[in-house]
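Subject: Handing over a structure

Hello,

Here is the structure I promised to pass on to you. Have a look at it first, and then read on for what turned up in it.

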Amino acid sequence: MHSALVRVQNVFGFFTTVAFCIAISIALSVIVIPQVPSASLELRNVQVVKGRPHYHSPKKEEYAHIKFDLHADLTSLFNWNTKQLFVWVMATYPSRVASEPPSQAIIWDTIIESESQKNPSTPFTLYSYLTAPTKPPSRSKRSSKSKQAIESAPGLINLKNSKPKYQITDISGHLSATSNVTLNIGWNVQPWVGALTWTMREESSWARWIGIKGGASNVFDMPPLKVKGINQEVVKGSGKPGTAAEASPIVK
């Protein structure tokens with residue numbers, strides 16, 4: 001007969017094998033779930049200001065403040081294996097050197113949690129649910145709850161004239177009069193089990209996953225830097241709006 005240690009090892013080995021097979025099945029099951037994300041991204045306004053990264057910096061740089069409209073439907077990216085979704089809006093423009101790849105900078109991002117991540121199921125929550133007194137809600141409460149559930153569906157983004165989270169700058173310190181600038185939406189799906197998946201563009205597809213429809217703004221140009229006064233210098237992080245340069249976007 002086997003000893004107790006050998007039996008424990010056999011049971012643990014069988015358990016890990018079964019758990020590994022279940023994890024692989026869960027990770028592969030999302031391939032058959034269709035993904036058809038769509039988004040509309042439009043530029044609203046561009047401001048270019050000149051300032052310093054901090055008060056003690058002798059170097060002056062140009063910062064771009066970009067406002068935008070974003071309407072996205074990413075609900076198809078959420079399935080039973082999705083933990084959360086990381087979404088961002090990125091500005092892309094040509095580098096100063098033609099041989100180098102385009103420069104990219106994120107101006108806005110957010111994390112959208114799934115329902116299972118917002119309200120995790122634990123033995124304590126299950127016990128609280130079973131022991132809580134049941135009271136049928138009124139009709140008005142039912143309608144308000146259903147309306148709230150529709151409006152708070154994970155993956156729906158509606159931003160109008162949104163301010164950026166981050167002002168962008170270039171390594172050269174110059175952004176004014178930069179041409180061929182575009183805004184693009186991107187995401188990263190973080191599952192409970194399996195590999196991370198990234199943005200699929202409109203021309204790409206894989207299995208039942210289709211690339212995003214839209215998700216890119218029209219090409220525009222950064223406005224030139226217009227100095228209105230000698231003392232109108234902006235310090236990055238001071239919390240004061242920039243007034244050194246301001247112009248409407250040039251949309252092509």
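A residue counts as buried when its relative accessible area is under 20%, as exposed when that area is over 50%, and as partly exposed in between. With that in hand, Asp69 is buried, because its relative accessibility is 8%. Please keep in mind that this is a predicted model.

Let me start with the salt bridges, of which the structure holds two. In one of them, the side chain of Asp69 meets that of Arg44, at 2.9 Å from N to O. Asp69 belongs to strand E2 (residues 61-73) and Arg44 to strand E1 (residues 38-52), so this contact ties together parts that are 25 residues apart in sequence. While Asp69 is buried, Arg44 has a relative accessibility of 35% and counts as partly exposed.

The other salt bridge joins the side chains of Asp109 and Lys165, at 3.5 Å from N to O. Here Asp109 sits in strand E4 (residues 103-113) and Lys165 in the loop between strand E5 (156-162) and strand E6 (182-191), so the parts tied together are 56 residues apart in sequence. Asp109 counts as buried at 13% relative accessibility, and Lys165 as partly exposed at 48%.

Next come the aromatic rings. The structure holds four aromatic pairs. One of them is the edge-to-face pair of Phe68 and Trp108, with 6.2 Å from centre to centre and 70° between the planes. This pair links distant parts of the chain, since Phe68 is in strand E2 and Trp108 in strand E4, 40 residues apart. Both Phe68 and Trp108 are buried.

Phe86 and Trp88 form a tilted pair, with centres 5.5 Å apart and 45° between the planes. Phe86 is partly exposed, with a relative accessible area of 24%, whereas Trp88 is buried, with 11%. Ring pairs also bring in Trp198, so that Phe86, Trp88 and Trp198 are linked into a cluster.

Finally, a word on the backbone. Most residues other than glycine have a negative phi. Asn161, in strand E5, has a positive phi near 50°, and Asn161 is partly exposed, with a relative accessible area of 35%. Ala177 has a positive phi too, near 65°. Ala177 lies in the loop between E5 and E6 and is exposed, with a relative accessible area of 54%.

Enjoy exploring it!

Best wishes

Technical notes. Residues are numbered from 1 along each chain as its sequence is written. This is a predicted model: local features need pLDDT of at least 70, side-chain atom pairs count only at pLDDT 80 or more; totals for chains, interfaces and linings use all residues. Side-chain values use heavy atoms; hydrogens and water are left out. A salt bridge is a side-chain nitrogen of Lys or Arg within 4 Å of a carboxyl oxygen of Asp or Glu. Helices (H or I, at least four residues) and strands (E, at least two) are DSSP runs, numbered from the N terminus. Buried means under 20% relative accessible area, exposed over 50%, partly exposed in between (1.4 Å probe, protein chains only). Rings of Phe, Tyr and Trp (its six-membered ring) pair if their centres lie within 6.5 Å; planes under 30 degrees apart count as stacked, over 60 as edge-to-face and the rest as tilted.
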